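These are my notebook entries on a structure that I looked through step by step. I set down what I looked up and what I found.

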Amino acid sequence: MKNKINKVQEAEDTEEIEDTEEIEEAEENEAKTYVSEEVKKRKVVVPGEVIVTGEDYLPSDGTKRVGKDILANRFGLAEEAGRVIRVLPITGAFMPRRGNTVLGRVTDITFHGWLVDIDSATSGFLPIEESPRFISKNEMDQFLAIGDVVAAKIMGVKAKGIDLTLKSKGLGKLENGFTFKVSPNRVPRVIGKEGSMINMIKEKTGCSISVGQNGWIWISGENIDNEIKARKAIDFITEKVHMEGLTDKVEEMLNGN
Amino acid sequence: MAMKSTNLTINTLKRMFKEGKRFDDRKLDEYRKIEVSYDVSNKAEGSARVKIGKTEVIVGIKLAPGTPYPDSLDKGNLMVSGDLLPLASPRFESGPPGFAAIELPRLIDRAIRESHIIELDKLVIKEGEKVWTVFIDIYPLNDDGNLIDAACIGATAALKKAKIPELNENGTADYEKKAKKELPISEGIEPLSISFFKLGDSIIMDPTREEEEACEARITFGLSKWKKQYMINSCQKSKEATFSSAEIEKMMEMLPKKFDHLNEKLKKFF
């Protein structure tokens, strides 16, 4: 089951930050001139900064239009995709989207399902009908008890809350190991291009690792030392997001001890 | 939203502590790197910024003339207040202070007051009418566990550098003028708070936030040295689990060693 979960997570990863070089170049550009040019590459912007000027562009996530200018609403990397301008945040909270796979902690059991804390503004709700097999209302706590960790998929985001489901491959309660949190915006970096980073860590440490889009990470290995090693590698990645050749550095680190 | 550890993490930490392991390679009773810097605030009479690992606290001392309490007419006043700013941790919410926000300054208050580091009887301006009030304000900037110990180091450090402002003719304090008179501090008394945390059967010190969240019990001692004797000035136990008498005895053995060790570490800052 563990392996299946991992595969689902990797397939999820669509928003990968590409090369670190690009980010650094963008920073240089910014230092040189404040007047915005047309962005072909991603560049770092701060809230209120003009990203592009012109009626042709459409403001998307993290941006707003003021007169002819498109301004950044958030601190992050500005990206131009055709006519659409958006900002990929570097810091900030998890923004739940439909289809995200998340890890969460069961906080309460109600008549109709489980309340799951997934580190978003509103808590997640997992209805009893969405469990993978039939569960009687009397034995709900035997399937998922308070404090348990569950891998779930976001079925829908409503104003009242977030609906979760377990009806998909590789979802369900997680056993053994431990969980910890990283910034949700660092998740693409932890996974790497097509899962390259996470697969390398898994291979080198022999641990099963599962990464939720909300920044929760679950690690389970044969012994504690390997688990600690895997966690250290991930903490290293999240601290040095902008480092060049990060994959090699992490590999070196894992080989070192 | 209360942030609690998952069952998986708690079980793993229990297992790790049993083997004497931690995520950051420390020993169970080992402190993280401690740094203290001074004069972080222009307006305060004394201030210090303490870092224990990623935990960061600013402590400021303010002095103002005030009336003495009816039961201590010949002594200055001491007030400790703390504010758990939401900027310090996602666990802190703005609004009326919760349990932790009330507990923190009270613990520091007792540790500082009962050590008699401040010679309060020397803070009288006119007996029975006017005395100095010492305000100790604690502001955590980042909570990565063990806030109480960090705040106490900060309070002690800031007190050691605090100055008494001069008085105007009408009796108010002149904060603009550069103060030279030092706050009367008893030399050689360095009140520190030392906390022990319990998870399963293991006792750990200086936990990170995730370790602290997983822990089942905490006991905090306010320690100082008086005439070369170790003094326990205050003691408070928190959370649900219990400590056995054997565990308390073990702590009593560890306390003087830890106190000396911490003092040694802090010597270059004090």
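**Entry 1: a loop residue in chain B.** I began with Asp25(B), which lies in the loop between H1 and strand S1 (34–38) of chain B. The model is predicted, and I read its features with that in mind. Although Asp25(B) is not a glycine, it has a positive phi of about 70 degrees. Is Asp25(B) buried or exposed? I found 9 C-beta neighbours inside 10 Å, so Asp25(B) counts as exposed.

**Entry 2: a loop residue in chain A.** I then turned to Asn176(A), which is also not a glycine and has a positive phi of about 60 degrees. Asn176(A) sits in the loop that runs between strand S13 (172–173) and S14 of chain A. Because Asn176(A) has 14 C-beta neighbours inside 10 Å, it counts as partly exposed.

**Entry 3: where the chains touch.** I looked up how the two chains meet. Chain A brings 13 residues to the contact and chain B brings 12. Which element gives the most to the side of chain B that touches chain A? I noted helix H1 (residues 7–18) of chain B, with 6 residues. By type, this side of chain B has 4 nonpolar, 4 polar and 4 charged residues.

**Entry 4: chain A as a whole.** I recorded 7 helices and 16 strands in chain A. Chain A has 257 residues, of which 37% count as buried. Of the contacts in chain A between residues at least 6 apart in sequence, 57% join residues at least 24 apart. Chain A is divided into domain 1 (33–89), domain 2 (101–173) and domain 3 (177–256). I also noted that the C-alpha centres of domain 1 and domain 3 of chain A lie 31 Å apart.

**Entry 5: two helices of chain A.** Two packed helices are described by the angle between their axes and the distance between the axes. I looked up both values for helix H5 (residues 196–205) and helix H7 (residues 246–256) of chain A: the axes come within 11 Å and cross at roughly 10 degrees. H5(A) and H7(A) are therefore roughly parallel to each other. Among the residues that make the contact are Met197(A) and Ile201(A) of H5(A), and Val250(A) and Leu254(A) of H7(A). The residues of this contact divide into 5 nonpolar, 3 polar and 2 charged.

**Entry 6: a sheet in chain A.** I found an open sheet of 3 strands in chain A, in the order S14-S16-S15, with antiparallel pairing. Strand S14 (178–181) and strand S15 (208–211) of chain A each have a single partner strand, so one side of each is left without a neighbour in the sheet. Neighbouring strands of this sheet are turned by 20 degrees against each other on average, direction ignored. S14(A) pairs with strand S16 (residues 216–220) of chain A over 4 bridges. Lys181(A) has Trp216(A) in S16(A) as its bridge partner.

**Entry 7: a sheet in chain B.** Here I found an open, antiparallel sheet of 4 strands, in the order S12-S11-S13-S14. At its edges are strand S12 (202–205) and strand S14 (229–238) of chain B, each pairing on one side only. From one strand to the next, the twist averages 25 degrees. Strand S11 (residues 192–199) of chain B is joined to S12(B) by 4 bridges, and Phe197(B) stands opposite Ile204(B) in S12(B). Which helix lies across S11, S13 and S14 of chain B? I noted helix H2 (residues 99–115) of chain B, which runs at about 160 degrees to S14(B).

How values were computed: Residues are numbered from 1 along each chain as its sequence is written. Chains are lettered from A and ligands numbered from 1 in the order in which they are written. This is a predicted model: local features need pLDDT of at least 70, side-chain atom pairs count only at pLDDT 80 or more; totals for chains, interfaces and linings use all residues. Two residues are in contact if their C-beta atoms, placed from the backbone, lie within 7 Å. Ala, Val, Leu, Ile, Met, Phe, Trp, Tyr, Cys and Pro count as nonpolar, Asp, Glu, Lys and Arg as charged, and the others, Gly among them, as polar. Domain bounds come from an automatic or database domain assignment. Axes are lines fitted to C-alpha atoms, for helices over the stretch in contact, and angles run from 0 to 180 degrees between N-to-C directions. Angles under 35 degrees count as roughly parallel, over 145 as roughly antiparallel, 65 to 115 as roughly perpendicular and the rest as oblique. Two strands pair if DSSP finds at least two bridges between them. A residue is buried if 20 or more other C-beta atoms lie within 10 Å of its own, exposed if 12 or fewer, and partly exposed in between; C-beta atoms are placed from the backbone.
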